[in-house]
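Open the model in your viewer and keep the selection panel at hand. We will go stop by stop.

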Amino acid sequence: MSASINIALVIGSLRKESINRKFAEYIVSQMPDSVTIKEVHIADLPLYNQDYDDKTIESYERVRQQLKDADAVLIVTPEHNRTIPAALKNVVDIGSRPYKESVWTHKRVAVVTASPGSFGGINSGLDVRKSMQMLSAQLMVDPEIHLSRATDSLNEDGSVSARTQKFLQGFVTDFVQFAGKSGG
């Protein structure tokens, strides 16, 4: 694949030492040279409020433009209280507004979740997918990545274990193919 692909990366955890950030960084490191990835920073975003739809909020505009400019969006997220972390839900809402100006419409989106628990953040992943489906995004449905007992997938130095690397490399190949598809 020779065409350049632009990916927006959204990490659903604000935590500096997030395990999801470690997995996202590994995934990014495996992307081919034809892929450009830009992280969408979400920590500075005020909570979405419909009263802001008539105002220009610089951080909202920055995020909306990054999402709009991307060919696809990769969301790597934990699960908070069996659902989407608040910071990630805020980005979903900001990108969906103002009414009829959603950046998510026909946007290609893939979701990866990781959790130290037994279920791998699957509830968060399903809830993100539910929101994206309602917003008419094009979801990557296979493979689904929900890394359970994710801390066991990291080496002592915080790097991704060889076994998990192999698994994630397959995802990268499929995601690049999905992100590079034309049409909407």
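In which loop does P143 lie? Select P143: the loop is the one between β5 and β6. Bear in mind throughout that this is a predicted model.

**Stop 1: two cis peptide bonds**

Stay at P143 and show the backbone. The peptide bond that runs from D142 to P143 is cis, and its omega is near 5°. Now move to P98, in the loop between α3 and β4. Here too a cis peptide bond turns up, joining R97 and P98, with omega about -10°.

**Stop 2: positive phi**

Remain in the loop between α3 and β4 and pick H106. H106 is not a glycine, yet its phi is positive, about 65°. Its relative accessible area is 46%, so H106 is partly exposed.

Next, select N81, in the loop between β3 and α3. N81 is not a glycine either, and its phi is positive at about 50°. Is N81 buried or exposed? It counts as exposed, because its relative accessibility is 76%.

**Stop 3: helix α4**

Select residues 122-134, which make up helix α4.

Colour the buried residues of α4: S124, G125, D127, V128, R129, S131 and M132. What covers them? The cover includes the strands β3 (72-77), β4 (108-114), β5 (138-139) and β6 (145-147), together with helix α3 (86-96).

Zoom in on D127, one of the residues of helix α4. Its relative accessibility is 18%, which is under the 20% limit, so D127 counts as buried. Leave out the neighbours within four places in sequence, and D127 is in contact with R82, T83 and I84.

Then step past the end of the helix. S136 follows α4, and its phi is positive, near 65°.

**Stop 4: α2 against α3**

Show helix α2 (residues 58-69) together with α3. Two packed helices are described by the angle between their axes and the distance between the axes. For α2 and α3 the angle is about 80°, and the axes are 9 Å apart. An angle from 65 to 115 degrees counts as roughly perpendicular, so α2 is roughly perpendicular to α3. From α2, select Y60, V63, R64 and L67; from α3, select V91, I94 and G95.

**Stop 5: aromatic rings**

How many aromatic pairs does the structure hold? There are three. For F171 and F175, the ring centres are 5.8 Å apart and the planes meet at 5°, so this pair is stacked. Both residues belong to helix α5 (residues 162-179), where they sit four residues apart, about one turn of the helix. An α-helix has 3.6 residues a turn, so residues three or four places apart point the same way. F171 and F175 are both buried.

R108 lies over the face of the F178 ring, 5.5 Å from the ring centre.

How values were computed:
Residues numbered from 1 in each chain as written. Predicted model: local features only at pLDDT ≥ 70, side-chain atom pairs only at ≥ 80, totals over all residues. Heavy atoms only, no water. Phe/Tyr/Trp six-rings, centres within 6.5 Å; stacked < 30°, edge-to-face > 60°. Helix = DSSP H or I, 4+ residues; strand = E, 2+ residues; numbered from the N terminus. Buried < 20%, exposed > 50% of the residue type's maximum accessible area, 1.4 Å probe, protein only. Lys NZ or Arg CZ within 6 Å of the ring centre and 35° of its normal. Expected span 1.5 Å × (residues − 1). Contact = heavy atoms within 4.5 Å. Axes fitted to C-alpha atoms, helices over the stretch in contact; angles between N-to-C directions. Parallel < 35°, antiparallel > 145°, perpendicular 65-115°, else oblique.
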